[in-house]
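Dear colleague,

Please find the structure below, handed over for your records. My notes on selected residues and on the contact between the chains follow it.

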2 protein chains.
Amino acid sequence: MKTQEQKKFGARQRLAKNLRALRARNGLSQEALADLVGLHRTYVGSVERSERNVSLDNIEKLAEALKIDISNLLAESSP
Amino acid sequence: MKTQEQKKFGARQRLAKNLRALRARNGLSQEALADLVGLHRTYVGSVERSERNVSLDNIEKLAEALKIDISNLLAESSP
């Protein structure tokens, strides 16, 4: 489990971390963000737990909802 | 067609443009890049034509093969 998590450190973990930080900064619940993006609340939750291999189109929708450039949403340091 | 293309301008187009530029800079054919990443040549071609809703895991693999940070692979100006 730990090994798998460490192996996964990278894009999924970055997106999860940045998404959580930006959602909080925008004062949005998972449900509110999900509504903005047209996805289900459980989908947003699974992205924030690095469980999901999100598609580019959905990453773009999340970036738009959070008013951030998609490249910043995947940046190593929190945007 | 044009309207759809314009609507799609964004993440897919950026990835396509940057991928083409970086692949050329690394002197890699679509096939050679595909081999590095473990994907099919036609897959790489479809990404470069903005046809594919690429998953985060595959974007990460492409970035690794091109020795670039994933956020730069999605940057607006060519990395």
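**Findings**

A:T42 belongs to helix α4 of chain A, residues 41-48 (helices are DSSP runs of H or I with at least four residues, numbered from the N terminus). This is a predicted model, in which local features need pLDDT of at least 70, side-chain atom pairs count only at pLDDT 80 or more, and totals for chains, interfaces and linings use all residues. Residues are numbered from 1 along each chain as its sequence is written, and chains are lettered from A, with ligands numbered from 1, in the order in which they are written.

A:T42 counts as exposed because it has 11 C-beta neighbours inside 10 Å; exposed denotes 12 or fewer other C-beta atoms within 10 Å, buried 20 or more, with C-beta atoms placed from the backbone. Its C-alpha atom is separated by 8.2 Å from that of A:E31, eleven residues apart along the chain.

Most residues other than glycine have a negative phi. B:S50, in the loop between α4 (41-48) and α5 (56-65) of chain B, has a positive phi near 60°. B:S50 is buried, since 21 other C-beta atoms lie within 10 Å. B:K67, in the loop between α5 and α6 (70-73) of chain B, also has a positive phi, near 55°, but B:K67 is exposed, with 8 other C-beta atoms within 10 Å.

The contact (C-beta atoms, placed from the backbone, within 7 Å) takes 15 residues from chain A and 15 residues from chain B. On the side of chain A that touches chain B, α5(A) gives the most, with four residues.

With kind regards

Conventions: Helices (H or I, at least four residues) and strands (E, at least two) are DSSP runs, numbered from the N terminus. Two residues are in contact if their C-beta atoms, placed from the backbone, lie within 7 Å.
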